[in-house]
Amino acid sequence: MEIAVLIPCYNEEQTIGKVIQDFRKELPFSKIYVYDNNSKDKTVKVALENGAIVKHEYRQGKGSVVRSMFMDIEADFYIMVDGDDTYPAEYVHRLIEPLKENKADMVIGDRLSNGTYANENKRNLHGFGNDLVKNMINFLYKSNVKDIMTGYRAFNKFFVKSFPVMSPGFEIETELTIHTLDKRFSLKEVQIDYRDRPEGSESKLNTLRDGYKVLKTILMLFKEFKPLFFFNIWSALLLILGLLVGAPVIIEYIYTSFVTKLPSAVLAVGFVLLSIISFTCGLILDTVVANYRKQYELELHRIKQEVGIKV
């Protein structure tokens, strides 16, 4: 059984050595890969000194790093963890256990349920952003995932080799979760402790900029994965606008048999036509997505056989 520890890094010279040592202690027979993403400090030097296998990803962004890691590395199980020493290595056994027992394809390290993230995290709006993203995704997929954006995850080979990475940046965690829910992979959550970055170590996450990217990713994936629901929302809004604008015109016509509010009548008809077009787009795209899901399921069978997992 081969385990790969995947650590995406950008300017983590202060903490990367400890992260490597901690995981080497917990998983002495694993291979530890540090993927450097154009660091300007001594991250690479420290990683090599601590015995990690260092690779480089020159396209900036965590999503680009994850894409390369998933494509390049061959293993039975994969542990992905940030290089900032915020996730304790001793919890790695709890993350791997459901994979070994074939109870999960992806295991999430849940920072939020035990309150350690709220106690340790000192960055404004991060807790609010986590809750907003979590509630949106759980509403859309009728799920109950506790921590959508954690950077501590474990995967089996089947999941890694069948996951198409599309997000270039920090929104990759959101994409991983949505993909798991939408494609009906087995998902487990394990409560873990969280500790804030040590003094002098700075987060690369910009709350507003990256928060906007995450919300944009959710809307994009919502449109792609649930087009009928997505376009029906727009269809309903446009229909309501059409009725609001057109109601005075209809009332006037009922009482006078004349239409003097011609601009309102034209605008109302335009809104209603757009509503019909939106609904039609949703129906067509929903059929396309249904056919894609069938093809994807067939592709999953091929991938299972290819990676040596019994179907």
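F139 sits in helix α6, residues 126–141. Helices here are DSSP runs of H or I with at least four residues, strands are E runs of at least two, and both are numbered from the N terminus. The model is predicted, so local features need pLDDT of at least 70 and side-chain atom pairs count only at pLDDT 80 or more, while totals for chains, interfaces and linings use all residues. Residues are numbered from 1 along each chain as its sequence is written, and side-chain values use heavy atoms, with hydrogens and water left out.

Is F139 buried or exposed? F139 counts as exposed because its relative accessibility is 57%. Exposed means over 50% relative accessible area, buried under 20%, and partly exposed in between (1.4 Å probe, protein chains only).

F139 also belongs to a nonpolar patch on the surface, along with F229, I233, W234 and L237. Together they have about 510 Å² of accessible area. Nonpolar side chains (Val, Leu, Ile, Met, Phe, Trp, Tyr) join a patch within 5 Å, from residues with over 30% relative accessible area and no salt bridge. Helix α10, residues 227–256, gives the largest share of the patch, 4 residues.

Now turn to strand β5, residues 106–110. It is largely enclosed by the rest of the structure, because 5 of its 5 residues are buried. M106, I108 and D110 point one way, and V107 and G109 point the other way.

Which strands pair with β5? Pairing requires at least two DSSP bridges between two strands. Strand β6, residues 153–156, pairs with β5 in the antiparallel sense over 3 bridges. There, F155 stands opposite M106. Strand β7, residues 187–191, pairs with β5 in the parallel sense over 5 bridges. In β7, Q191 is the bridge partner of D110.

Definitions and conventions: Patch = residues over 30% accessible without salt bridge, like charges linked within 9 Å, V, L, I, M, F, W, Y side chains within 5 Å. Areas by Shrake-Rupley, 256 points an atom, 1.4 Å probe, with all protein chains shown as cover. Salt bridge = Lys/Arg side-chain N within 4 Å of Asp/Glu carboxyl O.
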